[in-house]
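User: I'd like to learn how to read a structure like this one, feature by feature. Can you walk me through it?

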Amino acid sequence: MKSGNRERKVATGIQGLDQILHGGLPANHLFLVEGHPGTGKTTLALQFLLEGKRLGEKCLYVTLSESESELRTVAESHGWSLDGVGLFELASLEERLQTEEQYTVFHPSEVELSQTTKRICEEVDKLDPSRVVFDSLSEMRLLARDPLRYRRQILALKQFFSGCHCTVFLLDDRTADETDLQLQSISHGVVLLERMMIEYGGARRRLTVSKMRGMQFQEGHHDFSIRPGGLVVYPRLVASQAKVNAVKTGQREEASSGVPELDLLLGGGIPFGTSTLVMGPAGCGKSTLITQYALNLARAGKRVVCYVFEETRDNFLERAEGLGLALNEQISLGNIVVEQVDPAEMSPGEFSYKVRDEVENRNTKVIVIDSLNGYLHSMPSESFLLVQMHELLVYLNERSVLTLFVLAQHGLVGTGMHSPVDVTYLADSVILLRYFEAFGEVRQAIAVIKKRTGGHERSIREFHLTSKGIKVGEPLTDFDGVLTGTPVFKGKRETLISGEAD
């Protein structure tokens with residue numbers, strides 16, 4: 001038997017899970033991994049053993065529910081080899097119960113359970129492993145038949161393994177009628193895997209560390225996915241845990257749009273380490289406005305990542321080029337990355353993880369989200385959207401990243417405009433775009449409604465899209481009611497931007 005320090009931690013082989021556990025699992029303890037069939041328990045367990053194999057440890061997989069060939073098939077689907085990992089396949093439950101007539105004095109379940117436990121202990125003693133996976137407890141539950149005998153047998157296994165100085169995973173598919181809380185109580189830690197079906201799109205998976213004795217861990221639900229190569233866990237973003245040395249407001253670098261009139265409207269520019277929301281009806285130029293910022297900042301040497309929810313990547317680039325905002329050169333230089341996001345397939349936790357990876361590992365300074373409506377569709381409810389968006393924006397602000405995001409409002413003109421969700425209080429700056437009618441034409445206006453980090457113009461300016469880019473006109477001082485969509489004109493037509501054909 002091995003001797004060792006029980007306080008040391010062992011890595012699970014899953015980076016995100018190790019982050020949640022602040023480094024890994026306490027060594028030489030018994031842990032329960034729960035989840036309905038199809039949630040990824042076997043994949044997680046194999047990654048745990050393969051990490052031990054990589055570190056030169058002896059590992060053992062005891063299977064009562066799956067055959068060795070089935071385990072190897074699972075491993076091959078992820079590109080893994082199980083050579084060097086001990087696989088102990090007990091005879092199937094059906095084969096064992098076929099010998100029921102051989103027992104006349106004792107009930108078959110008593111004999112089968114004791115024999116199964118004995119064979120497992122013998123195999124552990126022979127191999128002397130550092131990591132053991134027991135798959136699964138549902139087979140033990142069937143053999144025991146009586147709940148009391150089942151729990152006593154699990155306690156006996158726990159006592160046996162406590163003297164072996166090995167870290168043990170017990171897998172449970174939760175096929176019992178009720179959750180076995182006593183089983184959770186005797187385990188040193190409990191990891192729950194869940195698979196949830198949504199109304200449209202792929203299934204969502206999440207992981208929860210329900211219990212871990214003697215150590216701190218990150219609580220709550222954490223999204224994860226099963227990809228070729230194993231489980232990928234996305235730890236829940238907690239902005240307060242990702243703080244860096246804050247930059248004082250007066251020392252912040254300001255982002256310029258490259259359009260002088262637009263910068264004047266915003267009091268000189270938008271400070272890095274803040275978030276800016278661009279609101280307005282469909283087609284009014286919201287995406288073009290943030291693309292203007294993205295291109296100008298990329299030319300200044302900032303790395304910009306644009307997450308596009310509403311349209312394809314090709315359409316985004318083609319539309320930008322048609323408005324004089326050619327991004328391809330900066331994309332080829334690596335200063336701009338445009339990534340198309342499918343909200344039906346990507347969970348919010350995975351999205352936050354991708355953003356965090358860009359900021360921390362690729363020195364990204366500008367994050368563009370187009371649009372928040374698409375992000376909203378990936379969420380189970382609006383309340384969760386607000387909480388997760390708040391954490392994401394606070395995190396990006398702490399990292400001195402400029403965040404630009406779009407929200408499309410319902411309606412086109414008039415006082416009936418409304419937003420699908422109110423996020424204006426989350427943003428540091430709010431830019432409002434509106435349609436208005438003048439001289440028989442539909443025109444656009446722009447105004448800055450809010451800017452926490454400094455002064456800004458209170459005026460409303462005309463906003464015009466051309467094949468050569470954005471034009472921002474003089475303040476519309478001769479109009480009243482522009483933002484309502486039904487203004488009253490009091491001046492001359494010459495004060496408007498000419499409507500020449502592009």
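User: Let's start with one side chain: does Arg 141 count as buried or exposed?

Analyst: Buried means under 20% relative accessible area, exposed means over 50%, and partly exposed is in between (1.4 Å probe, protein chains only). Arg 141 has 19% relative accessibility, so Arg 141 counts as buried. Before we go on: this is a predicted model, where local features need pLDDT of at least 70 and side-chain atom pairs count only at pLDDT 80 or more, while totals for chains, interfaces and linings use all residues. Residues are numbered from 1 along each chain as its sequence is written, and side-chain values use heavy atoms, with hydrogens and water left out.

User: Where does Arg 141 lie?

Analyst: Helices here are DSSP runs of H or I with at least four residues, strands are runs of E with at least two, and both are numbered from the N terminus. Arg 141 is in helix 6, residues 137-144.

User: How do helix 2 and helix 3 pack?

Analyst: Two packed helices are described by the angle between their axes and the distance between the axes. Axes are lines fitted to C-alpha atoms, for helices over the stretch in contact, and angles run from 0 to 180 degrees between N-to-C directions. Helix 2 (residues 41-54) and helix 3 (residues 68-77) pack at about 80°, with axes 11 Å apart. Angles under 35 degrees count as roughly parallel, over 145 as roughly antiparallel, 65 to 115 as roughly perpendicular and the rest as oblique. Helix 2 and helix 3 are therefore roughly perpendicular.

User: Which residues meet there?

Analyst: From helix 2, Thr 42, Thr 43 and Leu 46; from helix 3, Leu 71, Val 74 and Ala 75. By class, that contact has 4 nonpolar, 2 polar and no charged residues. Ala, Val, Leu, Ile, Met, Phe, Trp, Tyr, Cys and Pro count as nonpolar, Asp, Glu, Lys and Arg as charged, and the others, Gly among them, as polar.

User: And how many salt bridges are there?

Analyst: A salt bridge needs a side-chain nitrogen of Lys or Arg within 4 Å of a carboxyl oxygen of Asp or Glu. The count is 18. One of them joins Glu 339 and Lys 354, N to O at 2.9 Å. Glu 339 sits in strand 16 (residues 336-340) and Lys 354 in helix 13 (residues 348-362), 15 residues apart. Lys 354 is partly exposed at 24%.

User: What separates Arg 356 and Glu 360?

Analyst: About one helical turn, because they are 4 residues apart in helix 13. Arg 356 is partly exposed at 26% relative accessibility, and Glu 360 is partly exposed at 35%.

Methods: Contact = heavy atoms within 4.5 Å.
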